[in-house]
Amino acid sequence: MEQFYGYFLYLISLATMGGIYAILTLGLNIQWGFTGLFNVGIAGFFAIGAYVSAILTTAPSIRHLGGYQMPYAVSFIAAMLVSACIAWAVGKVCLRLRTDYLAIATIGIAEIFRLILKNETWATNGPRGVSMIPKPFETLPEPWNQLCFLALVILTVFVIYLALEVAHKSPWGRVMTAIRENEIAAKAAGKNVERFRMQGFIFGCMLMALAGAYTAHYLKFIDPNATEPLTTTFLVWVMLIVGGSANNRGAVLGAFAMWTVWSASEILASRLPDELAIRTAYIRIFLIGFVLQIFLQKYPKGFLSETRPHPRAARTPGYSEPE
Amino acid sequence: MKYLAKFSLAAAFSLASMTASAADIKVGSVAGVTGPIAELVAPILAGRNLAAEHVNAQGGLLQGDTMKMVVADSACDPKAGVDAGGKVVNIEQVVAIVGASCSGATNGMVQSVTIPAGVVSVSDSATAPSITDLKDNDLVYRVAPSDSYQGRALASHVLASGIKKVAVTYATDDYNAGLAEVFAREFKNMGGTVTANQAHEPKKASYRGELATLAKGGPEALALFAYYGSSGITIIRNSIENGLFGKFYAADGMFDKSVIEQIGADVLRGNIDISQSSSDYDDVSYKLFAAAISAKGVNPKAPYAAHGYDATFLMALAIEKAGSADRGKIAAALRSVSKGPGEVIRPGEWAKAKKLISEGKDVNYEGATGIVDFDENGDVSGIYGINTIGADGNWQTKLLK
Amino acid sequence: MIEFANFYLIPGILLGSIYALGAIGITLTFGILRFANFAHGESMTLGAYISFTLVQMTGLHPLMVMPISMVLTIVVLLFIDRYFYRPFRKSHAIMLVMASFGMMLMIRSVIQFFWGVQVKTILPGIQMPIVFFDTLRLSPKHIMIIISAIVLMLAVHFLLSRTKIGKAMRAMADSPELARLTGIDTEHVIRTTWVVGGALGVASGVFLAIDTHVETMMGFNLLLPMFASAILGGIGRPYGAMAGGLIIGLTEELSSYPWIGTEPLLNPGYKAGIAFIIMVGMLIWRPTGLFKGKV
């Protein structure tokens, strides 16, 4: 029974992190799936959200900026707004670029954010991180505190999912798809491509910041190591590709599935003898890369392929799906 | 749910004690197997496993149960630390945890998982002062002394060796940045002069420019806070090759044989002093540990290997003292086995400890790293050694008094 | 002034030539295969590790075993190209970028699995610099690295300007469609690109290892400055990549020179950010790069 209660608690934590990754993946899906923006700087926006929310809610500390003790609602919104402003500035500079240039530029920008977090010690406590971040519902008894936090995460995922589904089917979503598929045609149709792209980029980055904020409160601690690219950028990309880009359900599915694989594969590894267990840790990373390759080559659409938004009205004669 | 859980635990336990057959008692062994300090982890795990081996070879825990260390990777990342902690606590149902390694991973793991779950943890290498402040319900311990102590110890050693002006450089990671801050503050308070205090980004190919700037203002030595692999060796090499600094003071992130192998013993002899949260190498406790781990082919002076041993051995004593594999009782027993009153137990003396505890006597563990008495914050004061290069081209340690 | 040369200028040139050699490979794959190869840093790391093992086995100087490790690394690269990149020849470039992304993780974890994560030295000990004109300090190994880098760059120049395959590579970098129409064997050109890029990558990895040490993240840490160099020089422009590498290397080192007062101009903790700032600036003002590459 104790064992089952343990499994139950582990499932809660698995689902919580899975849900946080689902928010990240949905954010990336707006950018990559719907708008075609190759953002490899997820970790940067994640970090902004995490630190803004952490600093706004913690008690005063000699180690870092803080002591504002704002309510969570305020800090979450602030995290998203700060991220939106920075995303706007980054977008102004980078969105005109070809996709793989954008990849290089965003990965660079994320690294600069990390350098700032490490060096501006007065605000962030530098590499030592912000500790004792309050966690929503933490005063409730076990396991209700964890269940409530999970409910918050799942509810957020659900609301974002619904909003994105509506947006995807709306005229806005259709313009986005058009831009991704054929930018010139979209321009010719009189759409302000730059503006739509910017919107997609900003919305995506806001979701990434929200995921970062949730992570900071969930861990009750945040430091620059928590924003390293392997698990905050690359893993999210693998999740989206595996789940199916341009499909919101796919993004959520991919996030939960890959996080389960990532986290649970270690349970098997820890059953091995030590020397092997240490090395197996690297095989896990190898497998993540390999899964990505297999999906890219064999199932490029992921588990769930894209569902095209169709206008409700009858199609214009002569209109055909752009490929 | 919680009551149900407690009830079922009690039921399960009484069942187990009725049958009294040898079983596994799992203890989590959380360490940064991958990630930025991966190269330091193998000896630490060897230290932990050696302690478990000693326990199992000399009668095991409680009714002859096997102490089983369950490894989980905290990757030096709080996200991974929380995930790893959750897995060992909930899936593996460990009774207690040794780890995590890095301060960040430890901070996340204890706040988010082990304190709420009521699981006691002893870290063997988390040194961040912020861990002292945690509201931890007496569940978070560490045998690695807080950086505040080491920074002060090194500062007074530098002054004592006649150096009044130093330049300080530190890698921008949690461990070294914190240590450098304490060192610079203490050094000034003790009357020394810090001519420059400069961060550097680890893992760059060259630090010649940074060093040239640091060398200005007439410092007599460089106080170097870095991991040997990510920037420390490069900095020493660049300094010596360019004649910028000849004398170095460093902390235990630099303590590794590869520093000598890569730079050369003759160049460094007399020119480098590395403080280390260490052991009294003349102490009988340390010698017992050193002999045992050397037999495994592991360097007993590897950073935090002895701490890994002590953390694990203390945990075993606490389990024995608690008389059951009950998380709450283990937590309650941990502090009492770490300090007096009681008969002194040294590394490897499990059978003796087991006998004493079964007779209802108190024990006091004096480990490979020192007396390891937990204070009210779950910290130890620790002792420090200064490593220099001896005539044989190996590190030689002198205890700092 | 002499301090400036010894501690900022020469290290800058040294770092710059290491970046430059790596950036040539990046710019060639970018130009000819048309994707940003995120796994290029890892092939440098692999080359350095193979050289390390060869040095351990034979006891020879790293430069002597470098050709063998080049060959071995190139074999690996061609294998990877055949099974992981070739299926995407006709797809959108992004698929290749992602494939190289996954490859980066795979190569690195294989290296970590086989060699472990301990830092290793390829050339132990200290080499005291030779002092010229009483003041200028040059370490023999640095002279060696800079000379070897120049030789390799001249070889690239010869290959691109004098040989048939080199001209085909340039043609393909300029316009793949046109190149195909004129009957250039594109697969052959692609293989040659891996050979040239791989060999130069191994060289830069080994040079870095000689200057510092061998470590599993060494290639990844160089990846972003090398991208910056390639973009700065203009994509598909090998000469541009050389110039870009030198400029980035120099700027990184010079950024912490105390130009004003006695404090470094820029906190050295931010040194790694310099390459990106140059890169982003370049992408805004002149995305074709100094040598008019492709956008």
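Strands β1(B) and β2(B) run parallel and are joined by 8 bridges; two strands count as paired if DSSP finds at least two bridges between them. This is a predicted model, in which local features need pLDDT of at least 70, side-chain atom pairs count only at pLDDT 80 or more, and totals for chains, interfaces and linings use all residues. Residues are numbered from 1 along each chain as its sequence is written, while chains are lettered from A and ligands numbered from 1 in the order in which they are written. Helices (H or I, at least four residues) and strands (E, at least two) are DSSP runs, numbered from the N terminus.

**Sheet of chain B**

- A31(B) has D73(B) of β2(B) opposite it.
- Of the 8 residues in β1(B), 6 are buried, so this strand is largely enclosed by the rest of the structure. A residue is buried if 20 or more other C-beta atoms lie within 10 Å of its own, exposed if 12 or fewer, and partly exposed in between, with C-beta atoms placed from the backbone.
- The open sheet holds 5 strands, ordered β2-β1-β3-β4-β5 (chain B), with parallel pairing.
- Its edge strands, each pairing on one side only, are β2 (66-73) and β5 (140-142) of chain B.
- On average, and with direction ignored, neighbouring strands of this sheet are turned by 25° against each other. Axes are lines fitted to C-alpha atoms, for helices over the stretch in contact, and angles run from 0 to 180 degrees between N-to-C directions.
- Strands β3 (residues 96-98) and β4 (residues 121-123) of chain B pair in the parallel sense over 2 bridges.
- V98(B) has V122(B) in β4(B) as its bridge partner.
- Helix α2 (residues 38-57) of chain B lies across β1 (24-31), β2 and β3 of chain B and runs at about 165° to β2(B).

**Interfaces**

- Chain A gives 42 residues to its contact with chain B, and chain B gives 41 residues. Contact means that the C-beta atoms of two residues, placed from the backbone, lie within 7 Å.
- On the side of chain A that touches chain B, two or more residues each come from α1 (2-34), α4 (99-119), α9 (193-219), α11 (248-269) and α12 (274-298) of chain A.
- α1(A) supplies the largest share of that side, 9 residues.
- That side of chain A comprises 20 nonpolar, 12 polar and 10 charged residues. Ala, Val, Leu, Ile, Met, Phe, Trp, Tyr, Cys and Pro count as nonpolar, Asp, Glu, Lys and Arg as charged, and the others, Gly among them, as polar.
- The contact between chains B and C takes 30 residues from chain B and 37 residues from chain C.
- The largest share of the side of chain B that touches chain C, 6 residues, belongs to α8(B).
- This side of chain B divides into 8 nonpolar, 12 polar and 10 charged residues.

**Chain A**

- Chain A has 12 helices and 0 strands.
- With a radius of gyration of 20 Å, close to the 20 Å from the globule rule for 323 residues, chain A is as compact as a globular protein of that length. The radius is taken over C-alpha atoms, and the rule is 2.2 Å times the number of residues to the power 0.38.
- The C-alpha trace of chain A spans about 65 × 45 × 35 Å along its principal axes.
- In chain A, 55% of the 323 residues count as buried.

**Confidence**

- The predictor assigns the complex an ipTM of 0.87 and a pTM of 0.88.
- Chain C has an average pLDDT of 85, and 95% of its residues score at least 70; pLDDT is the predictor's confidence in each residue, from 0 to 100.
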